[in-house]
Amino acid sequence: MVLAGGTLPKNESAVQPPQGTAFTLALQRLLSAVSSELPESLRVFYGFSPQPTATATAFAHTVLLLLPESAPTSAVDAARTAATAWLLAQKSPAGPQPGVGELLLRVAESLAWLGSLALASTPPELLPIGEWVEPKAVAPALEAFLRQSLDSREPYRIRRARLREITLPGRASPELAQAAAFLVESFGQPDQARREPMTLLQAWAENQGKRFPPPPRLLRAALAEPARFGLAKKPEDEDSTVLASDEALRAAWALPPSQELPPGAPTEAVRIWQARRRSQGLPTPAPAGVVRGQGFLLAKPELPGFAVVWETGEREELLLFWPRWVLAPQLDPSGEDLLLVDSQGIWRVSLTGEGVEQVQAGDLRALAVSPSGKTLAALAWPSRELRLLPAGRALPGVFGFCWLYEELLVASDGQEVHMVSPEQQESRAIPLACSGALACAGGKLVAAVGHPCPPALVRAELPTGEMLTLMKLPQPAADVVPMGESLVFLTADGVFVLSKDGNVKRVDRGLALGGS
């Protein structure tokens, strides 16, 4: 759902999907042109949507390919779209390099990414492009790019915006894209070019193997003065601020979290650095804006993994960067720790960097913490067995659950809601048809209902089970959590807040919600 965004795609259409073998071979050819570090397996899912051309999005080893439902898409076009999405999902800033200024590093990085993206979108039958393009033919476009990017008469912030723009698919001129692709292909190590982009410029300047386009004099001049080349001797104050911020953000994203940030780093860089440090259990100040009952947790993709943020509906505060996908983030009742589910199990992460602990290994998909924090309820996958830890009890076939009180867990099997005590074997059930995700607050129960019932949020009166519809929905809610007197719910269209007076506000997009 989070990969698709908006209206969920259909799994069938009047048109046929691309032929499987042809698509696989084309995708393998394109991916091998941009990386020698491919995953052992790459899963590609497809669906149909009312759109003119194919699009795709990716996370880690998964690609979602959206195909137009009105006309067939060729295997090659689908492969080019999927390869570009996979490559973009790997994107992260290159690390700072001693003695190299942010401008020249950004120029090199832009060339590396532009060339890689151009290779990923090249028809496979035209690879390698060095077999039909002459080195001298691409030299003018590369030289013009360097002259424009390193012209100190133009403010840095304008050139920075242009460098960002050209690394978006389809935004660079065809001549420059082809030239950058030739350069990266000539280098022969596209992964290294993206991680260490200065090696690409150095190899080009030395014309290693005599296979590169002729290096312009400007390139050699820039490499002779890499720290300041292309920067104005007396820059505008705004330019200096933007440049310093970019340097700090690069350090926050790419340096080992154990290293310190440059002095005076902006707040954004500091929060990124702190979020990365928490994932490794390194000492970190506690976040100041997290107040129980006045916000909710949201997990969402953030390259190269997932971010967990504290959201109030008006602002958000970054708490954690995690290397894998995250589900069911929970704030420990003490407010000092985060609990979360990922592909390896349940983890406890200190918000002050006092450590990271795996609480439970296993294939799990959801989590709820009792009000005291003594008992965890975790949903096993794919069995949907709800396990109470450490009590050891288990309930089969659960769709949604929450803690009504310390000693009372409420769990839905899709048709009934069961009220369960961790210590007692008996449970009580009340009818609640089509129920999925549940939210508990103040002794009240809210359920998200869906297929085959009309999607809605309903409040269930306990113990009678009488339902009151709070809001009809255009599509089912995948999750719902309380936030004070409001409700937060997640659909394919995003994250919404339903206030006490019935107003609805869209606040974000994400994969999973968590309460406080």
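Modeller: A word on the ground rules: residues are numbered from 1 along each chain as its sequence is written, and side-chain values use heavy atoms, with hydrogens and water left out. As this is a predicted model, local features need pLDDT of at least 70 and side-chain atom pairs count only at pLDDT 80 or more, while totals for chains, interfaces and linings use all residues.

Biologist: How many residues does the largest nonpolar core have?

Modeller: By nonpolar core I mean a set of buried Ala, Val, Leu, Ile, Met, Phe, Trp, Tyr and Cys residues joined through side-chain atoms within 4.5 Å. Buried means under 20% relative accessible area, exposed over 50%, and partly exposed in between, with a 1.4 Å probe and protein chains only. Leu-111, Leu-150 and Trp-204 have the most contacts inside the largest such core, and its residues number 74.

Biologist: And between which domains does this core lie?

Modeller: Domain bounds come from an automatic or database domain assignment. Both domains of that assignment give residues to the core, so it lies between domain 1 (20–90) and domain 2 (102–114 + 127–250).

Biologist: How much area do domain 1 and domain 2 bury between them?

Modeller: Contact means heavy atoms within 4.5 Å, and 11 residues of domain 1 are in contact with nine residues of domain 2. Buried area is the accessible area (1.4 Å probe) that two parts lose on being put together, summed over both. With 55% of it on carbon and sulfur atoms, the area that domain 1 and domain 2 bury is about 770 Å².

Biologist: Against which helices do the buried residues of α4 pack?

Modeller: Helices (H or I, at least four residues) and strands (E, at least two) are DSSP runs, numbered from the N terminus. Helix α4 covers residues 135–149, and its buried residues include Val-138, Leu-142 and Phe-145. The buried residues of α4 pack against α3 (102–120), α5 (156–166), α6 (174–187), α8 (197–206) and α9 (217–224).

Biologist: Is Asp-77 buried or partly exposed?

Modeller: Asp-77 sits in helix α2, residues 75–89. Its relative accessible area is 36%, so Asp-77 is partly exposed.

Biologist: Which are the edge strands of the open sheet of four strands?

Modeller: Two strands pair if DSSP finds at least two bridges between them. The sheet runs in the order β11-β12-β13-β14, with antiparallel pairing, and five bridges join β11 to β12. Pairing on one side only, the edge strands are β11 (364–369) and β14 (394–395).

Methods. Expected span 1.5 Å × (residues − 1).
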